[in-house]
Amino acid sequence: MADKQNPETGGQATVTLTIDGLTVTVPRGYTVLEAARSIGINIPTFCWHPKLKPVGACRICYVEIEKFPKLQVSCATVAMDGMVVHTNTDQVKNGRRAVLEFILLNHPLDCPTCDKGGECDLQNLTFAHGLDDSRFAFQKYRFVDDDMTTTFDDKRIGPEIILNRNRCILCYKCVRANKEAFGEYDLGAYERGNITEINAAPGRQVANPFSGNLVEICPVGALTNTDWRYKIRVWLTKTTPSICNFSSSGTNILFYKEDHKNKIYRVTSRRNDDIDDGWLADITRYSYQVITSDERLIKPLIKKEGKQVPATWEEALEVIKKRLNEIKDKKGGVCIGGLASPSLDNASLYSFAKFLRRTFNSNKLDYRQDYRMLPKDTANNYSILASQPFKIAGIDDSDVIVTFATDLLREHQNEYLRVRKAFNFKKARIFVANPYAVKTADVAELEMVYKVGTDEIFINAVCLAALEENLVACPDRADLKKKIKPSSLKDAAEQCGVAPETIKIMARALAEGKKVTFIAGELLTRCRDREIIASALCNLNRLFGLNRKGQIAVLARYANSMGAVKLGISPEPVPALKKELEKIWSGLPDTEAYNTDTMLVHMKKEEINGFIIMGANPVMLYPDREFVKESLEKLDFLVVCDLYETETTALADVVLPLAGWAEYAGDYINLEGCRQHAEQALKPRFEAYPGYEILEMIADKFEKKLFSSTEERESEIDRLLKVDTTLPWPDGFVEVKTAEIEIEKDYPLALFLCDDPHHCGHLTEKANSLVNFCGEAYIEMAEEQARAYNLNEGDSVRLESPIGKIIVPLKISEHLDNQVVLVPRNFTSHPVTSLLMRKRRIDWVRISKVAE
Amino acid sequence: MKDILKAIGRAVFKTPLGFLVTLKYIFKKPVTLDYPRKKKPMAPRYRGKHYLERYDDGTERCVCCGLCAAACPADAIYMEPEENENGERRAKIYEINLLRCIFCGFCEEACPEEAIFLGQEYEFSNYDRNSFIYTKDEMLVPHPRKDNPFKRIIRRVRRVYGVEDTK
Ligand code: SF4
Ligand code: SF4
Ligand code: SF4
Ligand code: FES
């Protein structure tokens, strides 16, 4: 045996034991169960879960260990050197049988009506190890409540979750997962003995953004959901591995589908420890309903005399050819631009760029639809930061984690769970800095809510704290003071409204941390002054050497944002990528490159006349709705491809039905740059086609085939993906400019647009289950604020900005505490982007009560 | 010549002998049936057209669990569950394709709710194939006999399991 010393335990790093006559060596700290599984010996379990701490509640995992007088639960017994374990002796078998008989005492045996039937651990283990009969001659205990929704003793405990306590075997997996992994307390175990029950916390509903997992991990049918309730038997479905289209982590999922009906019935996780740990956010779990909804676009639509009428594909393509050719002949191909959704797969995105660049010689294309004042090229500090390598699993073993300008629960739920995990299992020190209070702060050592619009000053303050306390050994640290303003910690701290002591603690943690993960998010990306904040972050990185002892990154937001960058869908791709593209296409257009923002400006000036939008909905998502609308209305010709009729398709001359992500096979690149394949689960419904096929059909009309074969397309994509798009850090410290922040008189509150934790972007509104959780926009604000305006939960609130107003119901926040209001942007009925102005850093608003 | 005479002789003398056999059966009980005016009673365990049973209070016994379909060797059963007014599970669609069914009775055997039984009817003829898809409504009819024999089976099975019908 290798005598590797483990400094922490002081002993050997591994232990060697014998299980069923086989010798196995495992790392110290492994349980007997894990050791057995590592050599393929299966021990049945109910309450054990690979990502939760063991509790030993069910006792089905009994094993016999020599020298121990009684049977031991293998899931909670740590493997020791020299243990001799037996998993299949008569004593073990008797033990298991007794446990099963005991579990089944009060079990109603209603498998025929139970949705878990066919994939139930209790069913399977009873078949494998149980008795045929029960010796229990008494009446079974039955839970009956007044508010029971059914005569089957089912009880709805959340918008989606249904509980049947009679079936529960009290393994506590649900409660533990809820608490340990998700940090939610809306489900608990109450009473004791025979009448112990799992139930929603009194007066509450189980509605957390991860509640779907509880259903998945329940070993029996005690927790089921509406989504899968009484739809189909699991043995009639087939599974297809796929990737979530609504998270940038690329959570791995399985579609359960039925081929004859061409229908998906549910989604479960496909555990990938590098990415998702087997936990799915509810968005991921229920968003497949976006595809299976019957409101989908059925046929292409063509605008005739101001009205969109259904047409055939051939007609639609002819119109596209005719009109785009007219524009091309009259004004030149450069007057044609395009916007593609960053949730499309690689093939569609790449075809999109190739089509515009090759057919029209146009560099006017982008994939970003919800960010104001974007950079056009990559010669800036923001792009440097966004291109840095990041590993999701790297969060786990960090000892210091900082989340900055991001509300992880609303943007990156997968990473949110990782941060919690690092706290729970590794006791990582977590620091949360944001202009408003966020839920991540539950696990934070310090939460720093800095003043709205002082992001860069806060970061400067952290740098200054390090300098003043002499925490870092960066050689040119003296330069820094010249580049940033203000130049003392005291001033900076005062400006951003955070106590200097607090900032010092964080600076010390950053300096002392052995492995630091620094996550920045949407509040940075969406901010007009992202470049200024990014410069401050570059300095921070240099000062503390973060990228060398950990990772620092701005997380990408959409399923394939990273793919869009790596395939050059932006107006000016990274130089290395440009070179490769030039080689592949033998030449790149050298025409003016515009990003979304400039394209919209030029549309308004009628300098862009033809436009293609694929899967995007800028009217709903771009900050400044009126501006987008006016711009798009000025176009001579607009083609929009989407799954549904949206605000944007309403303006289009031709609307084409786009296939959903489950309807074609495609590759996606997640935020860590990992390329993952999603298989085709369904045939495209109605007359929809995947993006790359639509583009190929249009290109055919222009007699300029995009690719001679699929292989050609894939090999070109492969070549591009080999290019390293990481940008080098700037040499030395960079100048951090001072941002000009407009103040609006009479508009005292700062509005932040967000995604509801159960929604993402413009499509999830079509998924019924997600609407059950949240079906309407709301304005979230601190309780104190609400009181100041004399408002109560649910009151209608008029939200006004200098350019618009909307009326939304009030939701009192559990954690907000300053002059900030949040409004989700996912609901068509509440066009919140109409309150925003394109060039603003902060969106100031005021509120008032709507008289009844 | 001789052969011809022999044959004639045989025809004249032996044919009546044959008729004698026929004659004998005129006085015997006929083995055929005056179908369809009269019908043959079937053996008690004959397996014919399917019935879906109800509880005494009228609710359907079938909970659409899918076990009969899983057991069916001919893949003749199709069903779709739904939730009834009480939140209970029941069949929205329950169909048996009688053209596929081989009347093996496995469905009856598999059913955990004692909901499906194979009755005695055996007459299946129709003008088109679609009519052979036997729907839930057609199967949920009351048994033609007053003393529904399936009730007895249900009671016996429930006694063996030691449970009582709750409804
Ligand atoms: S509801 Fe399910 S997961 Fe929760 S304790 Fe009961 S059996 Fe376990
Ligand atoms: S009798 Fe046999 S073949 Fe016919 S439906 Fe039942 S199981 Fe299928
Ligand atoms: S007839 Fe019986 S086995 Fe078939 S679905 Fe109904 S309850 Fe289940
Ligand atoms: S799995 Fe070990 S006690 Fe439950």
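Into which domains is chain A divided? Chain A splits into domain 1 (15-103), domain 2 (137-292), domain 3 (301-372 + 560-722), domain 4 (391-554) and domain 5 (749-849). These bounds come from an automatic or database domain assignment.

This is a predicted model: local features need pLDDT of at least 70, side-chain atom pairs count only at pLDDT 80 or more, and totals for chains, interfaces and linings use all residues. Residues are numbered from 1 along each chain as its sequence is written, while chains are lettered from A and ligands numbered from 1 in the order in which they are written.

**Domains 3 and 5 of chain A**

The centres of these two domains, taken over C-alpha atoms, are 31 Å apart. Domain 3 of chain A brings 14 residues to the contact and domain 5 of chain A brings twelve residues. Contact requires C-beta atoms, placed from the backbone, within 7 Å. On the domain 3 side, α22 (618-621) and α23 (625-634) of chain A each supply at least two residues. Helices here are DSSP runs (H or I, at least four residues), numbered from the N terminus. α23(A) gives the most, with three residues. By class, that side has seven nonpolar, two polar and five charged residues.

**Ligand shells**

A residue belongs to a shell if its C-beta atom, placed from the backbone, lies within 6 Å of the ligand. Ala, Val, Leu, Ile, Met, Phe, Trp, Tyr, Cys and Pro count as nonpolar, Asp, Glu, Lys and Arg as charged, and the others, Gly among them, as polar.

| Ligand | Shell | Closest residues |
|---|---|---|
| ligand 2 | 14 residues | B:Cys72, B:Cys101, B:Cys104, B:Phe106, B:Cys107 |
| ligand 3 | 14 residues | B:Cys62, B:Cys65, B:Cys68, B:Cys111, B:Ile116 |

The ligand 2 shell has 13 nonpolar, one polar and no charged residues. Around ligand 3 there are twelve nonpolar, one polar and one charged. Chains A and B both surround ligand 3, so this site is shared between chains.

Technical notes. Two residues are in contact if their C-beta atoms, placed from the backbone, lie within 7 Å.
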